[in-house]
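Visitor: I am new to reading protein models. Could you walk me through this one, feature by feature?
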Amino acid sequence: IKVCEAQTLLVKQENESLLTDKRAKKNVAEDSSTGTPQSQPFSGKQWKGIKYKPWANGCLQPTNKIKKPSDKEITELLFRMGITMMPAKIPDDTRKCMFCHQIGDGVADGPARLLNFDVDKWVHLNCALWSDDVYETVNGALMNLENALQQSLVCNCVVCHRSGATIRCFKLRCSNVYHLNCAVKDGCVFYKNKSTYCTAHIPKNEKDNELTTLSVFRRVYVNRDENRQVAAVMHHTDQNNLLRVGSLIFLSVGQLLPHQLHNFHTPNFIYPIGYKIVRFFWSMRVPNKRCRYVCSIHDVAGRPEFRVLVQEPSQDDLELRDVSPRAVWTRILEPLAALRREIGGVQMFPKFLVGEDLFGLNEPAVVRVLESLPGIETLTDYRFKYGRNPLLELPLAINPSGCARTEPKLRSQFPWKRPHTQRTGSSSRPVFVPTATVAGEASCPYSKQFVHSKSSQYKKMKQEWRNNVYLARSKIQGLGLYAARDLERHTMVIEYIGEVIRTELSEIREKQYEAKNRGIYMFRLDEERVVDATLSGGLARYINHSCNPNCVAEIVEVERDLRIIIFAKRRVSRGEELAYDYKFDIEDESHKIPCNCGAPNCRKWMN
Ligand SMILES: [Zn+2]
Ligand SMILES: [Zn+2]
Ligand SMILES: [Zn+2]
Ligand SMILES: [Zn+2]
């Protein structure tokens, strides 16, 4: 308090002296106008009853000496006086650079700030920018970061010997590779043309092109696929990452089976069963407080039911149910408006609030996901906001009966021994060993066509496959894929996409998926490799088995990669369900899976 008093005192004195000065000047001006100069008023110690002193540095020191308080003392004083507001303590930065492993933002003339690379994955701007493989577009997008990160895993820094080093000496045959910080410490030189040289190889006469600072004063960002990131968050709801948009937290996308599609949408909105979000909104019971509203969509007698669970500290949970998002939210908004009127708060107009908005069904990221749900593209009376072609290929969240390739219900009834993967190798029974169609090899009727055009045909198919197929309820089992147009014989219809994994991993994953009661979609590529389409697969995995199929799955080598491609085996008419022979291993009696294909030549069992 003493400090404060001293300070106010100081200010008062200053003000006084200023005032004196002004008056004095005014006086002088008046005097000069009248032309009769007077004696200087500054000489005396008192002028018109005001004490003054001629200005000099330090002339206003308070007479009694006060020790200047330290910053810490001032902070303590402010707290003791209770006149200060402090934000809650910011949690420690846990973001770690994937290259240099340092935590938090770096200095501008060093690693610089962290840029987001993927969900919960960060890289320092300069660690990324100076990486060997990374280049920057005119817009400032950093490209090829994925490759750089992949390579960095096996590159150890010559200074600290840890992995994640990506900054190479440009001298031919010099193998020095560094982290950014280590490169700076070691005296590496950075050039304007984005080249770097280690101390041993600094080029002569290039002084002009050296960078004097690593600070970046332009816009730089990591080029990333946000749709893919959103999709990744959707798939891994069990992990810690949540999608949050403003006051909305996305919990679950839900699903719609083909027979539910009709009742669970309007021309503008899709209402998937199991959809769930949290909305933070004004409380209708406690004035000026917000609370959690858990909004979800359920199936009640084949119709959507909208539920809102109100969760609020010191209040009982309350669940509201109604037939539309608007109806259920009106039951919250009306009491809220009444409460506002009662306390004279800012007025609220429930009729201008849209229930779907509060449910998050209008949120662009959410709409994208909803429009990517399997089967939505078949709707004829829904107005697509992002086009009929799904941007994300989402598998069903739960898959009661995806297709014959997967049938969890059956598997829980009988101890099926992996009936859903095509087994090869160890078994002595007749097995399906796929053969790669390599150029020039005439192992299948399509190879001739491929010799010249497999690559271009593949490219064409990758662009156009969405016009070839659509998803709908299968006549054989679960969901099925249908021909969306007439397909000529030998047409590449669709690629069976998924993650290529090793056999060992596929066996581990099978157990994990089984434990979660997920439908399992795997396709054996060869002895060592399996394509897992369970989480990341495309629509091809919904194609069912038939003993008299109209399609055939072939493993084709395209640009040195093996790919599984579904071909039309014969001419297929629009609207026909697609099927191919799964060619499962023959299993013993206790592991048989019945076949429902309905073909005249049906073998009755799939294995
Ligand atoms: Zn870094
Ligand atoms: Zn290092
Ligand atoms: Zn070098
Ligand atoms: Zn059959």
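Visitor: What spacing do the donors of the zinc ion (ligand 1) follow along the chain?

Guide: Donors are N, O and S atoms within 2.8 Å of the metal (3.2 Å for Na, K and Ca); water is not among the atoms, so sites may look incomplete. Here the spacing is C-x2-C-x23-H-x2-C. A word on the source: this is a predicted model, where local features need pLDDT of at least 70, side-chain atom pairs count only at pLDDT 80 or more, and totals for chains, interfaces and linings use all residues. Residues are numbered from 1 along each chain as its sequence is written, chains are lettered from A and ligands numbered from 1 in the order in which they are written, and side-chain values use heavy atoms, with hydrogens and water left out.

Visitor: Which protein atoms are the donors of the zinc ion (ligand 1)?

Guide: They are Cys97 (SG), Cys100 (SG), His124 (ND1) and Cys127 (SG), lying 2.1 to 2.3 Å from the ion. Cys97 and His124 link distant parts of the chain, 27 residues apart. Cys97 sits in the loop between helix H2 (71-81) and strand E3 (114-118), while His124 belongs to strand E4 (residues 121-124). Helices (H or I, at least four residues) and strands (E, at least two) are DSSP runs, numbered from the N terminus.

Visitor: Why is the arrangement around the zinc ion (ligand 1) tetrahedral?

Guide: Four donors count as tetrahedral if all angles lie between 85 and 135 degrees. Here the four donor atoms subtend angles of 95 to 121 degrees, so the arrangement is tetrahedral.

Visitor: Are Cys97 and His124 buried or exposed?

Guide: Buried means under 20% relative accessible area, exposed over 50%, partly exposed in between (1.4 Å probe, protein chains only). Both Cys97 and His124 are buried.

Visitor: In what order do the six strands of the open sheet lie?

Guide: Two strands pair if DSSP finds at least two bridges between them. The order is E12-E13-E14-E15-E16-E17, with antiparallel pairing. Strand E12 (243-245) and strand E17 (318-322) are the edges, each pairing on one side only.

Visitor: How many bridges pair strand E15 with strand E16?

Guide: Nine bridges pair strand E15 (residues 290-300) with strand E16 (residues 303-311). His298 stands opposite Glu305 in E16, and Ser296 stands opposite Arg307 in E16. E15 and E16 form a hairpin with two residues between them. Ala301 in the turn has a positive phi of about 55 degrees.

Visitor: What stands opposite Lys276 in E15?

Guide: Ser296 does. E14 and E15 pair in the antiparallel sense over seven bridges.

Key. Four donors count as tetrahedral if all angles lie between 85 and 135 degrees; four count as square planar and six as octahedral if opposite donors are over 155 degrees apart and all others between 65 and 115; anything else is irregular.
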